[in-house]
Structures are given as C-alpha cells and as structure tokens.
Amino acid sequence: MSASKGTAHQSNTKRIWTVFVILSLITIVEVVFGIFKPDFLHYTHIVHLSLLNWIFILLTIWKAYYIMWAFMHLEGEKAALRWSVVGILGFLIAYMVALLLTEGAYIFDVFNNSIYKWIF
C-alpha cells in the first residue's frame, strides 16, 4: 500500500538541525558578550540601561519568538493567530522589562542615597 503525495511523511531532520544551529549561534553570541563584556557596549547607556543589557534582552526575545515559530508551528498558521500569540507575548515582555527597570532604578536609588547599605 503506497501513500499518496498529500499524506506522505516528510523528514524534518534538516529543519531541526537548522533551528538548532540558529538557536545555538544566538546563545553563543550571548555567552561571548557575557564573558567579555566589551567596554563600548557595557558603558554606553540607553534609558538607564547599558547597551549590552539591551542586546541581551533583544536576543532573548528573538530566541523566544523563534522557538514559538519553530516548535509551536506558528509559521503554518494564519496571520491572525500568529499575531495574537506574538502580540500578547511582545506586550507582556515589554511590560515586564518596564517594571523591572523601574523597580531596579528605585531600589538602586534607595540603597545609593539613603542610610541603608548594600549588604549583597
């Protein structure tokens, strides 16, 4: 019994290796930046955060999107479903980053400008 063209199983080995290589390259870039911390990225500040931290945030978001795209099979879905998943994720990540930056700046100011001392 032979399978018709529409129901034939196709191997995803090449796709899996492609996803693995792309995610590995992004992770290697993050690790190299984390180990070496280039001065021009580490000491350049944008919105109270170093450019190096912004690069980490953007690369992490890119990896999260690509994982959803590849492993949740979003590339085969309709645009409305893709945007409902990616849009909500994007909003939540932006909201979380804004909250963390706001709280982090507040805590830094409290410890830096008060009688409380850094004990950690």
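## Exercises on aromatic pairs, a buried glutamate and positive phi

Trp17 and Phe20 are three residues apart in helix α1, so about one helical turn separates them. The model is predicted: local features need pLDDT of at least 70, side-chain atom pairs count only at pLDDT 80 or more, and totals for chains, interfaces and linings use all residues. Residues are numbered from 1 along each chain as its sequence is written, and side-chain values use heavy atoms, with hydrogens and water left out.

**Exercise 1.** Classify the ring pair of Trp17 and Phe20, and state how exposed each residue is.

*Solution.* 
- Step 1: Rings of Phe, Tyr and Trp (its six-membered ring) pair if their centres lie within 6.5 Å; planes under 30 degrees apart count as stacked, over 60 as edge-to-face and the rest as tilted.
- Step 2: The structure holds three aromatic pairs. One of them joins Trp17 and Phe20, with 5.5 Å centre to centre and 90 degrees between the planes, and is edge-to-face.
- Step 3: Buried means under 20% relative accessible area, exposed over 50%, and partly exposed in between (1.4 Å probe, protein chains only). Trp17 is exposed at 52%, and Phe20 is partly exposed at 48%.

**Exercise 2.** Describe the surroundings of Glu30.

*Solution.* 
- Step 1: Glu30 lies in helix α1 (residues 13–36) and is buried, with a relative accessible area of 13%.
- Step 2: Contact means heavy atoms within 4.5 Å. Leaving aside neighbours within four places in sequence, Glu30 is in contact with Phe56, Leu59, Thr60 and Lys63.
- Step 3: The side chains of Glu30 and Lys63 are also joined by a polar contact of 3.0 Å. Such a contact is a pair of N or O atoms within 3.5 Å; within protein, one must be able to donate a hydrogen and the other to accept it, and residues adjacent in sequence count only if both atoms are side-chain atoms.

**Exercise 3.** Give the phi and location of His73.

*Solution.* 
- Step 1: Phi of His73 is near 55 degrees, a positive value in a residue other than glycine.
- Step 2: His73 lies in the loop between α3 (51–71) and α4.

Conventions:
Helices (H or I, at least four residues) and strands (E, at least two) are DSSP runs, numbered from the N terminus.
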